[in-house]
Amino acid sequence: QATLKSLAAAKGKYIGAAADNGELIDPRFQQIIGEQFHSTTPGNGMKWDAIEPRQGTFNFAKGDEILAFAQSKGMTVRGHTLVWHSQLPGWVANGNWTRETLTAVIENHINTVVNHYKGTLFHWDVVNEIFNEDGTWRDTVFYRVLGEDFVSLAFRTARAADPNAKLYINDYNIDGSGPKSTAMFNLVQKLRAEGVPIDGIGSQAHLIVGSIPSSFESNLQNFASLGVDVALTELDIRTSTPISEAKSQQQLLDYKTTVGACVNTPSCVGVTIWGFTDRYSWIPSTFPGEGDALPWDKNYNRKAAHDGIVLAL
Ligand code: XIL
């Protein structure tokens, strides 16, 4: 049977799967991710709390472990993520900052991290989840102290540190048309007009079986019309567990629709699934009663969802 990566490559796309450090000790996990996927994204290993838990104290152990594993399998890595309100250490979130001091903190974090991985990562998620559902700005320490300017600061700093990494703005629930997608579109349009180096829009695509927005593909193409690349960066399609046969067939169609939307969008460069096996997925602990969101089951059997991806590719 053809691998997902050979099928995706034939369509000019990459296909990736997120990996967390703990999973790397599992030989089946290692084998399948290396065989099936072009790239990985560290599930947690490159977040602010992992890398700079105390001001000026950097720990690259987890990120480096994912990178070394990926390289051993001939895979590339999407960096995730530089500026995010979540998994942000308390010293940043609760600091008593001025514009000047928080600017210096952001610059130092981005410079140090991006420079450390310079030349090895093909993408960075520079800012993550900056909007509320209604399209207004999320209330974060970054927005409170710097207003919208933290976004351009982050992108300009990242570009200067590694001119070759493609720089992404990433969010969830921007999967179909609506106020949050409109806010993303308008911000990227404005920042690009100002010369801010944003290369791509990442749609996380944390979705629910049977509930893919009908505007999924047109929304992706609308983002692409800004002249940026687009990518599905964290695709998973959850359901109440255990998944029924009917839901399983619906999930096949939903994976086909979402991966197919990328295939049909010339500026969509690829798809990353947030893991690949239900053995390791963030869904059950985050959404109690839900799960079975990925294309391989807990015992590494391919599911109908896997066939949906194959059909799209
Ligand atoms: C999730 C990880 O998968 C979990 O292990 C962690 O406990 C919480 O974060 N959007 C993102 C990702 O951008 O970083 C999140 O990853 C899932 C939602």
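The structure is a predicted model, in which local features need pLDDT of at least 70 and side-chain atom pairs count only at pLDDT 80 or more, while totals for chains, interfaces and linings use all residues. Residues are numbered from 1 along each chain as its sequence is written. The axes of α10 (residues 216-224) and α11 (residues 245-263) come within 9 Å and cross at roughly 25°; axes are lines fitted to C-alpha atoms over the stretch in contact, with angles from 0 to 180 degrees between N-to-C directions. From α10, Phe216, Glu217 and Leu220 make the contact, and they meet Thr257, Thr258 and Ala261 of α11 (contact: C-beta atoms, placed from the backbone, within 7 Å). Three of these residues are nonpolar, two polar and one charged, where Ala, Val, Leu, Ile, Met, Phe, Trp, Tyr, Cys and Pro count as nonpolar, Asp, Glu, Lys and Arg as charged, and the others, Gly among them, as polar.

Asp175 sits in the loop between β5 (166-171) and α9 (179-193). With 25 other C-beta atoms within 10 Å, Asp175 is buried (buried: 20 or more such atoms; exposed: 12 or fewer; partly exposed: in between; C-beta atoms placed from the backbone). Beyond its neighbours within four places in sequence, Asp175 is in contact with Ser203, Ala205, Leu207, Pro213, Phe216 and Asn219.

For the chain as a whole, 13 helices and 10 strands are found, defined as DSSP runs (H or I, at least four residues, for helices; E, at least two, for strands) and numbered from the N terminus. Buried residues make up 47% of the 313 residues.

The peptide bond from His80 to Thr81 is cis, with omega near 0°, and Thr81 belongs to strand β3 (residues 76-83). A cis bond also joins Thr241 to Pro242, with omega near -5°; Pro242 is in the loop between β8 (229-240) and α11. Positive phi values in residues other than glycine occur at Gln87, near 50°, and at Glu129, near 60°. Gln87, in the loop between β3 and α5 (90-93), is exposed, with 12 other C-beta atoms within 10 Å. Glu129, in the loop between β4 (121-128) and α7 (141-146), has 19 C-beta neighbours inside 10 Å and counts as partly exposed.

Terms used
Two residues are in contact if their C-beta atoms, placed from the backbone, lie within 7 Å.
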